[in-house]
Number of protein chains: 2
Amino acid sequence: MTGFSCPLPLPQKDKIVLGHGSGGTLSADLLRRIILPAYSNAVLEKLEDQATVEVNGARLAFTTDSFVVKPLFFPGGDIGSLSVHGTVNDLAMGGAQPKFLSVSFILEEGFPTADLRRIAESIGAAARACGVAVVTGDTKVVESGSGDEVFINTAGIGIVADGVRLSASNAQPGDAVVLSGAIGDHGIAILSKREGLELESAVESDSAPLHRLVARMLVVTRDIRCLRDPTRGGVASTLNELAGQSRVGIVIDEEKLVIHEGVRGACELLGLDPLYVANEGKLVAVVPAAHAEALVAAMREDPLGRDAAVIGTVAERDPGLVLMRTAFGTARIVGMLTGDQLPRIC
Amino acid sequence: MTGFSCPLPLPQKDKIVLGHGSGGTLSADLLRRIILPAYSNAVLEKLEDQATVEVNGARLAFTTDSFVVKPLFFPGGDIGSLSVHGTVNDLAMGGAQPKFLSVSFILEEGFPTADLRRIAESIGAAARACGVAVVTGDTKVVESGSGDEVFINTAGIGIVADGVRLSASNAQPGDAVVLSGAIGDHGIAILSKREGLELESAVESDSAPLHRLVARMLVVTRDIRCLRDPTRGGVASTLNELAGQSRVGIVIDEEKLVIHEGVRGACELLGLDPLYVANEGKLVAVVPAAHAEALVAAMREDPLGRDAAVIGTVAERDPGLVLMRTAFGTARIVGMLTGDQLPRIC
């Protein structure tokens, strides 16, 4: 579930459009206008990627995601492993150790059982690799033409580490913004497979579970303000959510962003900005400046954080706004994703 | 997630058919051949309607269900309230007090936002009525033609009452089989709306949350063997699951079954057996005979248990088999649902 920071009123749409699933302004608008008012409560309104609830003195993280990615199998992963990583990461972004998953399939009549088996095995392998147990599930079938092969929902439960209080509302002026690695790999991997693009440098999805990287970070300090995985809507939308929810400005340096050559080439070819392209194995952290160096050093010891770097700072001025200093020394506003850049990316 | 008791080998299908979502033998076969081997673990293999896991000394129930019911709005409910009741009931059948829900939408492009609002409000109202909080969610959108208006997944967390150990493997010879009320209302309500049937007696879905009825029962005794809500596949499939997992026989009395006139009429018209028609607000309980009378009396004090009755007994002979004594004094085998009697019933 994503937050929002929408400076302009949006045209109200009376029908759902693809952009309502984009993770950008339309998603935020749908959430604000329809979903939140319908079942409002204090936990939900925090708009974190996971709910944190207390049970018997334990703090549990609880999250859900449905996966409709197309194609089902793509370089670097498939809908099965992605469904595990996505939910594991939403738990990890709450500072939680992921423990239990549910897996629910909506299958289209006619879907090959061999593909279902391959996906189920991918789920099993990914869950084992993450150290989480798939403990409950469900399977529904819809008529041919009423679905699209397979949709998967995973929900997850994790246990929040003591002393950790992460929130997108916590960023404070002077904090450092840390990014764990290269951007845009997942979105471009999906798009290139879907559209049959022949890229000069092959791009693989970065789909990966981030909970062990987070655990390393929490060893350095529990005083991390916020963690987010920049999936739909990309790093740009995540930073806008943080800036909006914390009512701060964020300034990032273009030169600090790592972009693989294949992603850069595909984005130029397609007119996409990699800042808006989805990632499935990266995290954005807002941390007190005093801890930034030690955190980045610890992250770089993890294979999933090899390219970690401080990419920007939190500022008092321009609350709600994300600015990027370009390589040429100019600055530009990085808005939230509008429209539906890449549908069915996860 | 349902159990299975399949006496005959099934033809292996290389494509998904509607029956794989029926809750009957094909569902069980899919589960046994593909799903369980892929992510096997001890909790999952118990094949309860919910997982029970320990966290910090608390026993939590965790469950998930996707809802693809068609039509979205039907007499007695809609996909929103059904999504809440279904997951609340799966938690209740584990003896758990439902606490937290996740709600995830998969929307088809072009779906009217007014209908989404109506459904979200129905979810909110049902959750409030149940005393559960919707604490996290997700929304995805697929292209027109790749979905069917709206699919909903709900997952839920509940807290299992102390001293309660419910399991479909617990039934023992001599136990009583209790049913909380009339059968087949939900399935016939959906079918009559979908097919535009003009029934002489209107039938409404029995969709309702059963956790308060269960709480009443647990006041009488914590020594209940098993609770199940007979949804897809109906009472017949539920009883077969119980007989199979507990390796006992079950004998029920046809005369003890309550069937509303409209359901009886529709079933005769359509050639359906109400024992296989889905319910969404009923429970089957296997209880020690000594407690049966007191339990039924307590259930009848609850509006959702007004027609509760002992409908049968657990026997040592014919393990895995469900027999029904008919009104004429004969007996017939009640097998598990085969095929796809009523697709997209929930």
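**Notebook: the chain A and chain B pair**

I began with charges and counted 6 salt bridges between chain B and chain A (a salt bridge is a side-chain nitrogen of Lys or Arg within 4 Å of a carboxyl oxygen of Asp or Glu). This is a predicted model, so I note the limits: local features need pLDDT of at least 70, side-chain atom pairs count only at pLDDT 80 or more, and totals for chains, interfaces and linings use all residues. Residues are numbered from 1 along each chain as its sequence is written, chains are lettered from A and ligands numbered from 1 in the order in which they are written, and side-chain values use heavy atoms, with hydrogens and water left out.

**Interface**

I looked up a salt bridge by name: Lys140(A) and Asp65(B) meet through their side chains at 3.4 Å, N to O. I then took polar contacts (a pair of N or O atoms within 3.5 Å; within protein, one must be able to donate a hydrogen and the other to accept it, and residues adjacent in sequence count only if both atoms are side-chain atoms). The rule finds 27 residue pairs in polar contact across the interface of chain B and chain A, both at pLDDT 80 or more. On the side of chain B that touches chain A, S6(B) gives the most, with 10 residues. Helices here (H or I, at least four residues) and strands (E, at least two) are DSSP runs, numbered from the N terminus.

I next checked extent. Chain B puts 79 residues into the contact, and chain A 79 residues; contact means heavy atoms within 4.5 Å. About 6,800 Å² is buried between chain B and chain A, with 66% from carbon and sulfur atoms. Buried area is the accessible area (1.4 Å probe) that two parts lose on being put together, summed over both. Ile16(B), Tyr39(B) and Phe62(B) lose the most area in chain B, together 11% of what that side buries.

**Cores**

I asked which residues touch the most other members of the largest nonpolar core. They are Phe105(A), Ile119(A), Leu275(A) and Tyr39(B), in a core of 78 residues. Helix H3 (residues 113-130) of chain A gives this core its largest share, 7 residues. A second, separate core holds 77 residues, including Ile34(A), Tyr39(A), Ile123(B) and Tyr276(B). A nonpolar core is a set of buried Ala, Val, Leu, Ile, Met, Phe, Trp, Tyr and Cys residues joined through side-chain atoms within 4.5 Å. Buried means under 20% relative accessible area, exposed over 50%, partly exposed in between (1.4 Å probe, protein chains only).

I followed Phe105(A). Setting aside neighbours within four places in sequence, Phe105(A) is in contact with residues of both chains, among them Ile119(A), Lys140(A), Ile35(B) and Tyr39(B).

**Asp148(A)**

I found Asp148(A) in the loop between strand S6 (133-142) and strand S7 (150-160) of chain A. Asp148(A) is buried, at 16% relative accessible area. Its side chain makes a polar contact of 2.8 Å with that of Arg344(A). Beyond four places in sequence, Asp148(A) also touches Lys70(A), Glu108(A) and Ser146(B).

**Cysteines**

I counted 0 disulfides over all chains (a disulfide is a pair of cysteine sulfur atoms within 2.5 Å). Cys346(A) is buried, at 6% relative accessible area. Cys130(B) is in no disulfide either, with the sulfur of Cys346(B) nearest at 16 Å. Cys130(B) is buried at 2%.
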